[in-house]
Amino acid sequence: MDALFRHRSLYKGTTPPWKETYRKRCVDRLKSSRSRLLERYRQTGDSLHRNESGASAIVQEVMEEEWTALQAEDHRLPGLWGPQGMTEMFTVMKEYDELAVLEEIQQELMSHEMSIIEEYEKNLQFEQQYISSVVEGMEEMHIICPICSTNNLIINSHFISCTCGLYINTKKRNITPDVLRYLLESRVSEHMEDCLQNPVFSVAPNTDSSPNLMISCKVCDYLSIVL
């Protein structure tokens, strides 16, 4: 403790000269630990283990490691961390101005930490949306428009359409590419049980909502609503 009191007498009432060096080192170390931070974040879900002062384990480690390195370069700085880490350091320093400096640096590190996590979450969301759009696009390519038999159908949660002019409102009907594929295949199979002629698809008016997609055969008089 004598070393602490000697150290304190040098800086009483002033900003500690080590503040900016220590702050910069901590920020740089936290940024370089981005992958380690995100790995722990992924393992713990949407929360990080935090100590009594609110700092995560990563922030605590960064502050402890950088203070130890700084203290090794300047022996006038006391080795304040004990067995309980940063919590003990704050307890020892609670009566001195340095505590406010350390808390300020800790808050800045926590802010940087949250920025890293928020950036990760945004990138993850974008990646998931991109993958979903690719998968949806792949599914669409597997379904040729039954009207023109040329173009790929555009299928989403609101409508089914084709550049040939086909447009069917499917809002609130949960018509996914898999559902549509099943409906088309089942109607064709149903027709082929009794007739080997190729059926045709058409759009028929529906006074209740949007037009219906129909399948019919002039040879056997087969007629059915697909959707």
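Ser-149 is exposed, because its relative accessible area is 56%; exposed stands for over 50%, buried for under 20%, and partly exposed for what lies in between, with a 1.4 Å probe and protein chains only. The residue belongs to the loop between H6 and E1.

The model is predicted, so local features need pLDDT of at least 70 and side-chain atom pairs count only at pLDDT 80 or more, while totals for chains, interfaces and linings use all residues. Residues are numbered from 1 along each chain as its sequence is written, and side-chain values use heavy atoms, with hydrogens and water left out.

## The chain as a whole

The protein chain holds 7 helices and 6 strands. Helices (H or I, at least four residues) and strands (E, at least two) are DSSP runs that are numbered from the N terminus. Read from the N terminus on, the order of elements is α-α-α-α-α-α-β-β-β-α-β-β-β. Of the 227 residues in the protein chain, 37% are buried. Contact means heavy atoms within 4.5 Å. Among the contacts between residues at least 6 apart in sequence, 51% join residues at least 24 apart.

## Helix packing

Two packed helices are described by the angle between their axes and the distance between the axes. Axes are lines fitted to C-alpha atoms, for helices over the stretch in contact, and angles run from 0 to 180 degrees between N-to-C directions.

Helix H2 (residues 19–32) packs with helix H4 (residues 57–73) at an angle of about 135 degrees, and their axes are 9 Å apart. The two helices are therefore oblique to each other; angles under 35 degrees count as roughly parallel, over 145 as roughly antiparallel, 65 to 115 as roughly perpendicular, and the rest as oblique. On the H2 side the contact includes Thr-21, Tyr-22 and Arg-25, and on the H4 side it includes Ile-58, Val-62 and Trp-67. By class, the contact of H2 with H4 has 9 nonpolar, 1 polar and 5 charged residues. In this division Ala, Val, Leu, Ile, Met, Phe, Trp, Tyr, Cys and Pro count as nonpolar, Asp, Glu, Lys and Arg as charged, and the others, Gly among them, as polar.

H4 also packs with helix H3 (residues 34–44): the axes come within 10 Å and cross at roughly 150 degrees. H3 and H4 are therefore roughly antiparallel to each other. Here Arg-36, Leu-37 and Arg-40 of H3 meet Ala-57, Ile-58 and Glu-61 of H4. The residues of this contact divide into 3 nonpolar, no polar and 3 charged.

Lys-19 lies in helix H2 and is buried, with a relative accessible area of 18%. Leaving aside neighbours within four places in sequence, Lys-19 is in contact with Val-101, Glu-104 and Ile-105.

Ser-224 is found in strand E6 (residues 222–225) and is likewise buried, with a relative accessible area of 14%. Leaving aside neighbours within four places in sequence, Ser-224 is in contact with Arg-187, Glu-190, Leu-213, Met-214 and Ile-215.

Each of these residues makes a side-chain polar contact, as tabulated below. A polar contact is a pair of N or O atoms within 3.5 Å; within protein, one must be able to donate a hydrogen and the other to accept it, and residues adjacent in sequence count only if both atoms are side-chain atoms.

| Side chain | Partner side chain and distance |
|---|---|
| Lys-19 | Glu-104, 3.1 Å |
| Ser-224 | Arg-187, 3.2 Å |

## Residues in loops

Ile-147 lies in the loop between helix H6 (98–141) and strand E1 (154–155). At 33% relative accessibility, Ile-147 counts as partly exposed. Ile-147 and Val-203 are 56 residues apart along the chain, and their C-alpha atoms are separated by 8.3 Å. Leaving aside neighbours within four places in sequence, the contacts of Ile-147 include Cys-164, Phe-201 and Val-203.

Asn-174 lies in the loop between strand E3 (167–169) and helix H7 (177–192), and is exposed, with a relative accessible area of 60%. Asn-174 and Ser-157 are 17 residues apart in sequence and 6.4 Å apart in space, C-alpha to C-alpha.

Asp-221 is placed in the loop between strand E5 (212–217) and E6. At 66% relative accessibility, Asp-221 counts as exposed. Its phi is near 60 degrees, a positive value in a residue other than glycine.
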